[in-house]
Structure formats: structure tokens, C-alpha cells
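Here are some notes to read alongside the model, meant for someone meeting it for the first time. Take them in order, with the structure open beside you.

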Amino acid sequence: MIPDLELEDGSNYQIGKYGKMRQRYLFENHHAMYTHLVLTEKLWKHLEEVDMEYNDMMDMLTVRMAEREGVTEHLKSVDQLGWVRKMNNIRSRAEEVVLHDLIYMD
């Protein structure tokens, strides 16, 4: 009774953690959009693009925030635990920004 849907172009999309988060968000909160993307075979491409954008934006934000806050390799060699603490804080803040902008956008 359930159709076996396959992509006509036969593409194999690589979807990571954040693409899957976007998929779950669309399914739970925007079911009509989710269904439309599935039926028009645009969902997987969309999820892969969101995942790639997320990773690029995370890299950029992490580097910029680390530079602005003076988290350098020198700090890493002098105070490893301090460096780890600051980098974890930076990654956490950057992830919050990116999740809001890319994953939970309408």
C-alpha cells in the first residue's frame, strides 16, 4: 500500500546530522512543504545543501569568533584546558546561530 519512491536521477546525496535535523523540522512543523519537496524530488538536494551551508558557516563563524576573542595556537600551547573551554564555548555559540538561521528557517 505504501509506494516505493525512488529518485529518477539516481543521485546519491550525502546528508549529515544537520540535514537530518532540517528534515525532521520540516516533517514535524511544515508537513505540506515536506511532502511537496518529497514529491518533486527536491528534498534530498535541499537537505544536502543545508548540511553543506551549515558546515561552511560553522567553520567561518568559529574562525572569526576565535580571532576576535584571542583564542590562538599560542594560547593552546600555554593553557590547553583554557583553550578547549573557550573553543567549546565558541562552537556552542556558533552552532546556536547557525541552527537558528539554517535548520529552523521557514
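**Notes on the fold and its contacts**

1. Let us begin with the whole chain. Of the protein's 106 residues, 31% count as buried. Please keep in mind that this is a predicted model. The secondary structure amounts to 5 helices and 0 strands, giving the pattern α-α-α-α-α when read along the sequence. Among contacts between residues at least 6 apart in sequence, 74% join residues at least 24 apart.

2. Next, the interior. In soluble globular proteins, nonpolar side chains tend to be buried together. Here the largest nonpolar core has 18 residues, and Tyr-54 and Val-71 are those with the most contacts inside it. Two or more residues of this core come from each of α1 (17-29), α3 (43-68) and α5 (80-103). The biggest share is that of α5, which gives 8 residues.

3. Tyr-54 deserves a look of its own. Which residues does Tyr-54 touch, leaving out those up to four places away in sequence? They are Tyr-18, Glu-95, Val-98, Leu-99 and Leu-102. There is also a second, separate core of 6 residues, and among them are Leu-26, Leu-37, Leu-43 and Leu-47.

4. Now follow α3 from end to end. This helix has 26 residues and reaches 37 Å from its first C-alpha to its last, close to the 38 Å expected at 1.5 Å a residue. Its buried residues include Leu-43, Leu-47, Val-50, Tyr-54, Met-58, Leu-61 and Met-65. The buried residues of α3 pack against α1, α2 (31-39) and α5. After α3 comes Gly-70, with a positive phi near 75°.

5. Turning to charges, side chains of opposite charge can pair when their charged atoms come close. How many salt bridges does a search of the whole structure find? The search finds 2. One of them joins the side chains of Lys-45 and Glu-49, at 3.5 Å from N to O. These two residues are 4 apart in helix α3, so about one helical turn separates them. Lys-45 is partly exposed, with a relative accessible area of 43%, and Glu-49 is partly exposed as well, at 34%.

6. Glu-69 also forms a salt bridge, with Arg-93, and the closest N and O atoms are 2.7 Å apart. Glu-69 lies in the loop between α3 and α4 (73-78) while Arg-93 lies in helix α5, so the pair ties together parts that are 24 residues apart in sequence. Glu-69 is partly exposed, with a relative accessible area of 34%; Arg-93 counts as partly exposed at 31%.

7. Finally, the rings. A search of the whole structure finds 2 aromatic pairs. Elsewhere, Lys-76 lies over the face of Trp-83, at 4.6 Å from the ring centre.

How values were computed
Residues numbered from 1 in each chain as written. Predicted model: local features only at pLDDT ≥ 70, side-chain atom pairs only at ≥ 80, totals over all residues. Heavy atoms only, no water. Core = buried A, V, L, I, M, F, W, Y, C linked by side-chain atoms within 4.5 Å. Buried < 20%, exposed > 50% of the residue type's maximum accessible area, 1.4 Å probe, protein only. Contact = heavy atoms within 4.5 Å. Expected span 1.5 Å × (residues − 1). Salt bridge = Lys/Arg side-chain N within 4 Å of Asp/Glu carboxyl O. Phe/Tyr/Trp six-rings, centres within 6.5 Å; stacked < 30°, edge-to-face > 60°. Lys NZ or Arg CZ within 6 Å of the ring centre and 35° of its normal.
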